Amino acid sequence: KSKVELGVKGIQRWILMRLRNHTFFSVDELNAQISSILDLYNNKIVKRFNKSRSEMFAKLDQKQLMIAPVVQS
């Protein structure tokens with residue numbers, strides 16, 4: 001749990017650092033900018049693995065995902 005929390009804290013700081021000098025006039029504008037920053041972050045090469053987070057996700061985790069069942073009420 002603590003490793004995940006540290007990871008979230010790190011990406012939060014990384015995003016906020018890039019947004020600190022910008023002014024946004026709508027939530028949609030802000031969300032679009034955050035999305036592009038996340039793409040940059042996920043495509044950066046992680047030195048320890050010599051691969052990007054996107055590559056590691058595709059190789060290790062993506063095939064394990066399952067479609068969530070639809071619950072009828």
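Trainee: Is Asn 50 buried or exposed?

Mentor: Buried means under 20% relative accessible area, exposed over 50%, and partly exposed in between (1.4 Å probe, protein chains only). Asn 50 is exposed, with a relative accessible area of 62%. Please note that this is a predicted model, in which local features need pLDDT of at least 70 and side-chain atom pairs count only at pLDDT 80 or more, while totals for chains, interfaces and linings use all residues. Residues are numbered from 1 along each chain as its sequence is written, and side-chain values use heavy atoms, leaving out hydrogens and water.

Trainee: What phi does Asn 50 have, and where is Asn 50 found?

Mentor: Most residues other than glycine have a negative phi. Asn 50 is not a glycine, yet its phi is positive, about 60 degrees. Asn 50 belongs to the loop between β1 (45-46) and β2 (51-52); strands are DSSP runs of E, at least two residues, and helices are runs of H or I, at least four, numbered from the N terminus.

Trainee: Which residues make up the largest nonpolar core?

Mentor: In soluble globular proteins, nonpolar side chains tend to be buried together. A nonpolar core is a set of buried Ala, Val, Leu, Ile, Met, Phe, Trp, Tyr and Cys residues joined through side-chain atoms within 4.5 Å. Here the largest has six residues: Ile 11, Trp 14, Ile 15, Leu 19, Ile 37 and Tyr 41. Both α1 and α2 (27-43) supply at least two residues each, and α1 gives the most, with four.
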